[in-house]
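Here is a friendly walk through a structure that may be new to you. Please take a look at it before reading on.

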Amino acid sequence: MGNADMETSPVIAVRDTWMSFPGKTADQSVHVLERVNCEVQPGEFVCLVGPSGCGKSTLLNIVGGFLNETRGEVRVEGEPVSGPDPGRIFVFQENGVFPWLTVEQNIGFGLLGRPAAERAERVAHYLQMVSLTGFEKSYPRELSGGMRQRVEIARALAADARVLYMDEPFGALDFLTRLKMRADLIRIWQAEKKTILFVTHDIEEAVQLADRVLVMTKRPATIAEEVRIDLPRPRDLDSPGYLEARDHIFSIMGMDARGGGATD
Amino acid sequence: MSVRPQPVLSRQSRFSIAQISLPVIVGCIFVAAWHLAVKASGSDIFPTPWQVCLGLGDLARQGLLLKYIVASLFRVSWGFGLAVLVGVPLGLVLGWFKLAFTALNPFIQILRPISPIAWIPVAILWFGVKDTAPIFLIFLASVFPITVSAMAAVQNMQQVYLRAAQNFGLSGLPLFRRVILPAALPQIITGIRIALGVAWLVVVAAEMIAVNSGLGYLIIDARNAGKRYDLVVAGMVMIGLIGLVLDLLVRRLEKFDEVRWGYGQR
């Protein structure tokens, strides 16, 4: 923390990164990412938005170590990414909570090497942080979608992840739960000072959450523009600053917010 | 944020009266129809339900009923137990290691459709008419459903569990024990249930040929020694009832919290 170099060097640095997937024949390969450049600073909350299927999840999977880029350089915490890392936990859209474990076993999943007392203490702490105290012995099938998603976030935090990669984590939730989850996530992020890279196709969600929004183009995608959201938290969704930032991103994506601009 | 109430228990108790009475009514209708059909046809060989009950009583008094049931269950326990011990690890390995799958799957798929009945002459040749022959046949019949279900369970496992586990730094044996096995377990148990049904089918067939005890032997012996069709049907009834009990026992495995997630909402 005290190291001045660490403070200034980005946690995530993506340089000139290209990604194509093989198609049916060699010359039909699908170009997904084209010359992507971006950085995420320590403790920053960055949202990646873009049209559905543009490759934002692909980019997140490359950064997370689940996919290898075709060309370019992706460094996380100063090192080239060679695979997933316990210090940088992915939160999946389809929910990666293990259904055969109880809530507390799930949250303690990344702590099996620690002494039992420390494990219990951390599990209890993060259970409380995601407001699931009392559900220690419940199984995921007994919980609502929002609660399951909070278990997954608590599991990542309990394991002391420095970086969270979130791939449309609230996409499957209903509207009200989604609003509540956003508020909870901001509260947790402010308390825990994590670096978060968050993928969403929901522009409003991005503007509510992020310090900075990276807007991606259609496929083959690149970063079209970087929008800094300098609004105080908790954010007022009717404030002129909020609406302006939102409409600006809509217009980058070629949509008019007032003309029934769909966020999907 | 509140948890949804769980109506599971109350719903079960509401349906329990129907759950017991409906099958009993169907059973009574069946027994009555059977009785009337035998009477109407005037057959003096095919038994009425009551004659079957008397036959069962005879067998019980001679001590044969229990002896034969134990003999059949003994063979199933061995053959099926060995099949679980071999099939589950084999299936997990085939599901996980692509090379093992490529090498062995065609061979397994060729062996699998060969009916255990077709193996009877070979089993007698190899093992004689001792218990080993039916145990071998039961093993053959049940090892394939178990292997194939364990294999498919690993292959069809939700990728998100694997990724989450790898994200937490798991690999090798801990990955297998903490994630792959529990993720595959519900489907493995389904395979085990199917295999136990098959094993019970096969023990009867095997006992008709290779041995001189057991429920299958009872059926074939009762027919050969004086056309005792009451005992033939008594044997059939016992086979059915024990098969039901076995299935209920394995179904209990599906109720454990560690696997209940794998069976959808019931």
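In chain A, strand β9 (residues 212-216) runs antiparallel to β10(A), and five bridges join the two. One of these pairings links R212(A) with R228(A) in β10(A). Strands here are DSSP runs of E with at least two residues, helices are runs of H or I with at least four, and both are numbered from the N terminus.

This is a predicted model, in which local features need pLDDT of at least 70, side-chain atom pairs count only at pLDDT 80 or more, and totals for chains, interfaces and linings use all residues. Residues are numbered from 1 along each chain as its sequence is written, chains are lettered from A in the order in which they are written, and side-chain values use heavy atoms, without hydrogens and water.

Both strands belong to an open, mixed sheet of six strands in chain A, ordered β6-β7-β8-β3-β9-β10. Strands count as paired if DSSP finds at least two bridges between them. The two edge strands each pair on one side only:

| Edge strand | Residues |
|---|---|
| β6 (chain A) | 88-91 |
| β10 (chain A) | 223-228 |

Helix α8 (residues 240-252) of chain A lies across β3, β9 and β10 of chain A, at about 175° to β10(A). Contact means heavy atoms within 4.5 Å, and angles, from 0 to 180 degrees, are taken between N-to-C directions of axes fitted to C-alpha atoms, for helices over the stretch in contact.

Now to chain B. Where does L90(B) sit? L90(B) is in helix α3 of chain B. Its relative accessibility is 30%, so L90(B) counts as partly exposed, a class between buried (under 20%) and exposed (over 50%), using a 1.4 Å probe and protein chains only.
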